[in-house]
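User: I would like to go through this structure and ask what stands behind each label.

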Amino acid sequence: MILMAFTMAFTAYAEPENGGKQSKKEAKAQKKKMKREAKPEVINAGRLYIYGLAYSPADSVVYMTDELILDNAQLEKKTKFLVGREILSGQLANHMAQKGEKNRICTVTFAETVKKLDKRYAKQAEKLRKRGFLIKQVGQGEFRFSAPAAE
């Protein structure tokens, strides 16, 4: 008797009242979820120019890499974000950790032309100097970015 009541209650719970069809609201939520989970469409940007920055809020020294060339770079088509930027930041973080500079926050900045990157580089360096940071260069012979593998 108890088993039969449990089976009936479970069956009533498992079957939706509307015959298994999704409501419009559920369908819309499902579509949004699928859109978020979909991989963004990428375009091959070819050659980009890039530099990295490694800093710590607890330290007045900021490390900036030289301006470097990144071949075979990819950008997200819609947003123009650099694909694999977290991997590139991780490469710089690993390099800094090997030098004994752990717990650095690492970022990368890129541009499609040298002129644009020079402008961004100079502007960021000037802001950091005005705020009292000491900028140390990380030379090309010491560190280079390698492009993340294409997906």
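This is a predicted model: local features need pLDDT of at least 70, side-chain atom pairs count only at pLDDT 80 or more; totals for chains, interfaces and linings use all residues.

User: Why is R104 called buried?

Analyst: Buried means under 20% relative accessible area, exposed over 50%, and partly exposed in between (1.4 Å probe, protein chains only). R104 has a relative accessible area of 11%, so it is buried. R104 belongs to the loop between α3 (85-98) and β4 (105-111).

User: What makes a polar contact with the side chain of R104?

Analyst: The side chain of D59 does, at 2.5 Å. A polar contact is a pair of N or O atoms within 3.5 Å; within protein, one must be able to donate a hydrogen and the other to accept it, and residues adjacent in sequence count only if both atoms are side-chain atoms. Contact in general means heavy atoms within 4.5 Å. Neighbours within four places in sequence aside, R104 is in contact with residues including A54, Y55, V61 and M96.

User: How do you know that the span of helix α4 agrees with its number of residues?

Analyst: The expected span is 1.5 Å times one less than the number of residues. For the 17 residues of α4 (residues 114-130) that gives 24 Å, and the end C-alpha atoms are 24 Å apart, so the two agree. For α3, 14 residues reach 20 Å from first C-alpha to last, close to the 20 Å expected.

User: Why are the buried residues of α4 said to line one face?

Analyst: The buried residues of α4 are L117, Y121, A125 and L128. Seen down the axis, they fall within an arc of 60 degrees, so they line one face of the helix; the arc is that of the directions from the helix axis to the C-beta atoms. The face turned away from this buried side carries the exposed K115, K119, K123 and K130. Cover for the buried residues of α4 includes β1 (42-55), β2 (61-65), β4 and β5 (134-138).

User: What makes the buried residues of α3 a side of that helix?

Analyst: In α3, L88, S89, Q91, L92, H95 and M96 are buried. These residues cover an arc of only 150 degrees around the axis, which puts them on the same side of α3. E86 and Q98 are exposed on the other side. The buried residues of α3 pack against β1, β2, β3, β4 and β5.

User: Which residues have the most contacts inside the largest nonpolar core?

Analyst: They are I50, L70, L82, L88, L92 and F145, in a core of 19 residues. β3 gives the most to this core, with four residues. A nonpolar core is a set of buried Ala, Val, Leu, Ile, Met, Phe, Trp, Tyr and Cys residues joined through side-chain atoms within 4.5 Å.

Definitions and conventions:
Residues are numbered from 1 along each chain as its sequence is written. Side-chain values use heavy atoms; hydrogens and water are left out. Helices (H or I, at least four residues) and strands (E, at least two) are DSSP runs, numbered from the N terminus.
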